[in-house]
Amino acid sequence: MRDVQRLEPISANLGSGNVLAAWERFVQGEEHVPGVRPLVAISWHRCREQYRVDPYLTEAPVAVAEPDHTPEQDVVFAELGFRAASVAHEVGNIGGVVTITDATGRILAEWGDQATLARAGDSNLAPWFCWSECAVGTNGMGTALEAHGPVPIRGAEHWCQAFHNWVCAGIAVRDVVTREPIAVLNICCWRSQLPASAESWLANTATMTQSPLKRRARDSGAELVAAYTQARARSSTALAAVDTAGKVVIADDMASVLLGVPANTPAVSPTLRWNPGLPELITAARYAAGQAAHNPDWVGSTQIFAHLAEEPTSISIRPVFSSGRLIGNLVSFGASDGAQLPQADGSAHLRVPPRRLVAMRDNRMVLLRLPEVSFAEARGNEVWLSTDQGRLRAAPLSLDKLDSELAVAGFLRVHRRFVVNLSRIREIERGPRGELSLVMDDGTNEMVPVSRRNAPAVRRALDI
């Protein structure tokens, strides 16, 4: 960080005011928290309703989970360690501490002001202790694992009262394919504000750390296409290659119909791969990743409901490796080779969409029924919903996750930035070059563009 200057303690303001009053009411059971940032209010709800974290907890627990490290994780830890150490002196000069955690919230290393490190130890803000939200509630490290972009948590915004004297900001570095967190970089200070440059430094560091992951993912995409081409020459069954997140890299003519994606069109870059909107395929891909990690020769089979199919379709899923690293799977349709994947229950094929979506209006949460939503649009790290109640910001949620959850509720990804409610399309407009735009039934007749690669799926969905 540049131009970091020492700041005076402001302890009189960190734990008082509207936020502290809202926290006191919320821990007593109130629902509405006016004056609290939406990201914090949603985190508090998770801490109270889902994780049931004691707001009077005084220290973090010992981390018990120690996940296996993948090559991607090792690259991220090394890069973050280098960058954290490079600013340790500057952070120390403002009485701060910089930490790195893994995907479970376990602190791996820390640097900074020695007096602050000693004080941090009183709360177990130290290596080998867990700072996930489910362990200690709202905090910079744990809440960054649940959100996208830099996450500042100040004073009484912390769920646990014992941490109200801390100010911190964290950001998660995520796998560019699965979007799952790999690590968190965090800066925190005791009773003093972070420098104004802290959040931008965190964001830039995360972006630079992900750059080699993007290059590796593009190379993996090309290797998946090569593996698909070799397998296609030996088999006549419908075939597709999917990455470890279940997104399609390439599919032949028949598989493309079942998956609802363009045929024979490689999508090497992770940002261009197609999401077929089949939750069971995503589940199968993730299960295959877990099995392949312990047995590289594992092959599995299951049944999924594919597009345009009235009955479940059998698939065989075979992991693909490159230099000992899992990069994706080959999916053969109509085949049943390998071990049967377990089913959670008898209704495993019937994915139930969420009954409501949560949106934010100022500091109030708005619960929306799905028919009220016309479309969703991604803008940067935020998702905005066009609804019968106006344009509202969705609670922290990626467009990919929303697309996956709502695919079985009549929503369709039509563009990398848009997911639409098919029942709310009023008109279809064709441009001079054949491009499609959807005129939505949202009171303003707003037009949503359809990308060229999503146009076939839109035409199939609308029977045009």
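**Reading salt bridges in a predicted model**

Guide: Welcome! Arginine 83 and glutamate 79 both sit in helix 4 (residues 71-93), four residues apart, about one turn of the helix. Keep in mind that this is a predicted model.

Visitor: What do the side chains of arginine 83 and glutamate 79 do?

Guide: The general idea comes first. Side chains of opposite charge can pair when their charged atoms come close. Here, arginine 83 and glutamate 79 form a salt bridge, at 2.6 Å from N to O. Glutamate 79 is partly exposed, with a relative accessible area of 24%.

Visitor: How many salt bridges does a search of the whole structure find?

Guide: The search gives 20 salt bridges. One of them pairs arginine 232 with aspartate 252 (3.1 Å, N to O). That pair links distant parts of the chain, 20 residues apart: arginine 232 is in helix 8 (residues 198-234), and aspartate 252 is in the loop between strand 7 (248-251) and helix 9 (253-259).

Visitor: Is aspartate 252 buried or exposed?

Guide: Aspartate 252 counts as buried because its relative accessibility is 4%, and the cut-off for buried is under 20%.

Visitor: Which residue does aspartate 441 meet in a salt bridge?

Guide: Aspartate 441 meets arginine 426, at 2.9 Å from N to O. Aspartate 441 lies in the loop between strand 20 (436-440) and strand 21 (447-450), and arginine 426 in strand 19 (residues 425-430), so the pair ties together parts 15 residues apart in sequence. Aspartate 441 is partly exposed at 30%, and arginine 426 is partly exposed at 48%.

Visitor: Which residues do salt bridges with shared partners join into one network?

Guide: Those residues are Lys247, Asp400, Asp403 and Arg413.

Technical notes. Residues numbered from 1 in each chain as written. Predicted model: local features only at pLDDT ≥ 70, side-chain atom pairs only at ≥ 80, totals over all residues. Heavy atoms only, no water. Salt bridge = Lys/Arg side-chain N within 4 Å of Asp/Glu carboxyl O. Helix = DSSP H or I, 4+ residues; strand = E, 2+ residues; numbered from the N terminus. Buried < 20%, exposed > 50% of the residue type's maximum accessible area, 1.4 Å probe, protein only.
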